[in-house]
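This briefing is about how the inside of a protein chain is put together. Look at the sequence and the structure first, then read the points below.

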Amino acid sequence: MKKISLALQGGGAHGAFTWGVLARLLNEEDIEIAAISGTSAGALNAAALKSGWVENGRDGAIANLEWLWEQIGHVTDPHFAPWITAAAPTAEFWAKALKYSPAYTAFDMTTRMFSPYIYGPSMQNPLANIVKKFHYDAVCATDGPDLHICATNVRSGKIRVFTGNEIMPEVIMASACLPSLFQAVEFEDPQTGTVEAFWDGGYTGNPALYPLFASDLPDDLLIVNINPLYREELPKDSQSIENRVNEISFNSSLLRELRAIDFVKRLLADGSIKRGTMKDVLVHMIADDALMNGLNVATKTIPTAIIIGRLKQAGESAADTFLKNHKNDIGTRSSLNLSEMFS
């Protein structure tokens, strides 16, 4: 059995790519998921996988992820989505059409000009009704993968990682709370006993890797990356600039932790520190930067059946390629060249 921990990034509706990756991994009977760290859409995917797994193993996890994304995309007929996806234009064409549509342009201008607090309590995140339907006895269970959900404490600016019985609907909503769209999620933090305010975890950990360094967890860490690390095209319009700023900021915490892993691995390799004193993490990554470069902030913000379907297919394909090329690396060596990444 090959054991791995998963690190699932946030990125709005682009989290459907992660759905595809997870669906493919769950079909590998000899891969066991020991722990998951998730932020925003990654938190939703992680909670759906964990609760489904606890209730009915791999089949339960696959079914629960499908339920989640049908809810997000308002897809009521699972047989209809593949047909409309196949008949639709390319994802890049659809992304551009959505970005420049009058409705999205008006929405974008409104979020730039007005605080979400002017609407009072009536401005609710539409994910709330979905998140409330999770089975939290299963989400918080000691069985199945360890689960860690990341959010950002607004006042302190520090990361807060929730785990075990700390996880509740408010925690997942906090992890997915973009401050330009929604009011901060406030609730009593079990750790401090005081009411704290939280924003999206992507600002401080997208996702946090350090909970996956525990000695009882496997050495192998698989990151599902949905925010492009590299874009060839220089952003010039305001939406594109904002989108790239968000990608850079939401990748910064991940890159910092990867740089720290690379530093430790070099110290272990040259004997500067004794093996066993620090974990020699084996890092893997599944991503599709080519696809994500063709999408934009509009496709992150507004889930559509077409984009969700295309992203799921792309995630399955990317995971399939990873398994063909690197499954044998699990437990043996990193398949992500960190030295090259930071050279």
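A residue is called buried when its relative accessible area is under 20%. In this predicted model, 53% of the 343 residues of the protein chain count as buried. The chain has 13 helices and eight strands.

**Whole chain**
- The accessible surface of the protein chain comes to about 15700 Å², and carbon and sulfur atoms account for 56% of that surface.
- Among contacts between residues at least 6 apart in sequence, 79% join residues at least 24 apart.

**Nonpolar cores**
- In soluble globular proteins, nonpolar side chains tend to be buried together.
- The largest nonpolar core here has 64 residues, and those with the most contacts inside it are Leu6, Phe17, Leu49, Phe134 and Ile167.
- Helix H2 (residues 41-73) supplies the largest share of this core, twelve residues.
- A second, separate core has 17 residues, including Leu209, Leu221, Ile261 and Val281.
- Residues up to four places away in sequence aside, Ile167 touches Tyr136, Val139, Cys140, Leu147, Ile149, Phe162 and Ile172.

**Aromatic rings**
- The whole structure contains seven aromatic pairs.
- The rings of Trp19 and Trp69 count as stacked because their centres are 6.3 Å apart and their planes are at 5°.
- Trp19 lies in helix H1 (residues 16-26) and Trp69 in helix H2, so this pair ties together parts that are 50 residues apart in sequence.
- Both Trp19 and Trp69 are buried.
- Phe187 and Phe198 also form a stacked pair, with ring centres 5.0 Å apart and planes at 25°.
- Phe187 belongs to strand E5 (residues 185-188) and Phe198 to strand E6 (residues 195-200), so their pair ties together parts that are eleven residues apart in sequence.
- Phe187 counts as buried because its relative accessibility is 7%, and Phe198 is buried with a relative accessible area of 0%.
- Trp67, Phe134 and Tyr136 are linked into a cluster by ring pairs.
- The charged end of Arg160 sits over the ring of Phe162, 4.1 Å from the ring centre.

**A buried asparagine**
- Where does Asn125 lie? Asn125 is in the loop between helix H5 (102-113) and helix H6 (128-131).
- Asn125 has a relative accessibility of 9%, so it counts as buried.
- A polar atom of the Asn125 side chain lies 2.9 Å from the backbone nitrogen of Leu127.
- Leaving aside neighbours within four places in sequence, Asn125 is in contact with Met173, Ala176 and Phe182.

Terms used
Residues numbered from 1 in each chain as written. Predicted model: local features only at pLDDT ≥ 70, side-chain atom pairs only at ≥ 80, totals over all residues. Heavy atoms only, no water. Core = buried A, V, L, I, M, F, W, Y, C linked by side-chain atoms within 4.5 Å. Buried < 20%, exposed > 50% of the residue type's maximum accessible area, 1.4 Å probe, protein only. Helix = DSSP H or I, 4+ residues; strand = E, 2+ residues; numbered from the N terminus. Contact = heavy atoms within 4.5 Å. Areas by Shrake-Rupley, 256 points an atom, 1.4 Å probe, with all protein chains shown as cover. Polar contact = N/O pair within 3.5 Å; in protein donor to acceptor, adjacent residues only side chain to side chain. Phe/Tyr/Trp six-rings, centres within 6.5 Å; stacked < 30°, edge-to-face > 60°. Lys NZ or Arg CZ within 6 Å of the ring centre and 35° of its normal.
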